[in-house]
Amino acid sequence: MMLVYDARSAGYGCECGVPNYDYYPGERRRHKTAHDLWARGAALPRGFGRDRIGRDGIASVHESERGPEAVLASKLAHSARRAGGYDFASFYPGGSSLRELAPWSLAYLYVEDGRAVGYLRADAATHHGLFRPGTPRGQDRVVDLGFDLPPVPLAEVVFVCAEHRRRGVATRLLARFAADAGTALSALAWGVPFTTPGLALARSISGGELAIGDAREGAA
Ligand SMILES: [Zn+2]
């Protein structure tokens, strides 16, 4: 799963990930809605538990939930999906039927002025690897370390709405997850593939070698 989306590199019509957005009036309307979400985030819906927002401006939502908090998290997950050009979002209220729900199957939402403007999909990495950046002419590589390691906290997807970038929102989300998971910020594992800004962020946080992983079930 991509970290910090960079849709222009994916060849979409708009950075928000909506393709062919000016063909029909209906598409233009849909694009405006999707673009607004991508740029400015989403207002907290009625019934959102404001007491769940910590002093750091962050609320966590478990994927087993189905309430307004989970619906809001899935909105941001879908904006991240569109911008990244993926088929599936990283968070579904009640969970995806494709995977088991672990204690760390969480979304973190960063709330500012009554709007959710940052999203982190957190999980536990059960499948481990190391990231090796490509040579100038080569592809990035992944060294597969397999399943024989204890689970580690996994930053699977980080997405910050466009108007709120470069203000430390992603780092604050990651710091909160690391604190909740009882681990050092630098010890988080990362979802791949990286975008260019995502790789820079991961490097600035992890220092040297990047642990990567995903939440796949053990070797079946
Ligand atoms: Zn757009």
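Here are a few exercises on the structure above, each with a worked solution.

Keep in mind that this is a predicted model, where local features need pLDDT of at least 70, side-chain atom pairs count only at pLDDT 80 or more, and totals for chains, interfaces and linings use all residues. Residues are numbered from 1 along each chain as its sequence is written.

**Exercise 1. Get your bearings: how many helices and strands does the protein have, and in what order do the elements run?**

Solution. Start with the elements, taken as DSSP runs numbered from the N terminus: helices are H or I with at least four residues, strands are E with at least two. That gives 4 helices and 9 strands. Reading from the N terminus, the order is α-β-β-α-β-β-β-β-β-α-β-α-β.

Next, burial. A residue is buried if 20 or more other C-beta atoms lie within 10 Å of its own, exposed if 12 or fewer, and partly exposed in between, with C-beta atoms placed from the backbone. On that count, 40% of the 220 residues are buried.

Last, contacts, which need C-beta atoms, placed from the backbone, within 7 Å. Of the contacts with a separation of 6 or more, 66% are between residues 24 or more positions apart.

**Exercise 2. Take helix H3 (residues 169–181): which of its residues are buried, and what do they pack against?**

Solution. Check the length to begin with. The expected span is 1.5 Å times one less than the number of residues; for the 13 residues of H3 this comes to 18 Å, and the end C-alpha atoms are 18 Å apart, which agrees.

Now list the buried residues: Val169, Ala170, Leu173, Leu174, Arg176 and Phe177. Looking down the axis of H3, they fall within an arc of 160 degrees (taken from the directions from the helix axis to the C-beta atoms), so they line one face of the helix. The background is simple: an α-helix has 3.6 residues a turn, so residues three or four places apart point the same way.

Those buried residues pack against strands S2 (58–62), S3 (106–112), S4 (115–125) and S7 (152–160), plus helix H4 (196–206).

**Exercise 3. Find the largest nonpolar core: which residues have the most contacts inside it?**

Solution. A nonpolar core is a set of buried Ala, Val, Leu, Ile, Met, Phe, Trp, Tyr and Cys residues joined through C-beta atoms within 7 Å. The largest one holds 55 residues, and Ala73, Ala107, Leu109, Leu120 and Leu173 have the most contacts inside it. Helix H2 (residues 68–84) gives the most to this core, with 7 residues.

Zoom in on Leu120. Skipping neighbours within four places in sequence, its contacts are Ala107, Tyr108, Ala155, Val158, Leu173, Leu174 and Phe177.

**Exercise 4. Follow strand S3: is it largely enclosed or exposed, and which strands does it join?**

Solution. Count first: 6 of the 7 residues of S3 are buried, so it is largely enclosed by the rest of the structure.

Then look at pairing, which requires at least two DSSP bridges between strands. S2 and S3 run antiparallel with 5 bridges, and Ser60 stands opposite Tyr108 in S3. S3 and S4 are also antiparallel, with 7 bridges; here Glu112 sits opposite Arg115 in S4. The S3–S4 hairpin has 2 residues between the strands, and Asp113 takes a positive phi near 50 degrees.

Methods: Contact = placed C-beta atoms within 7 Å.
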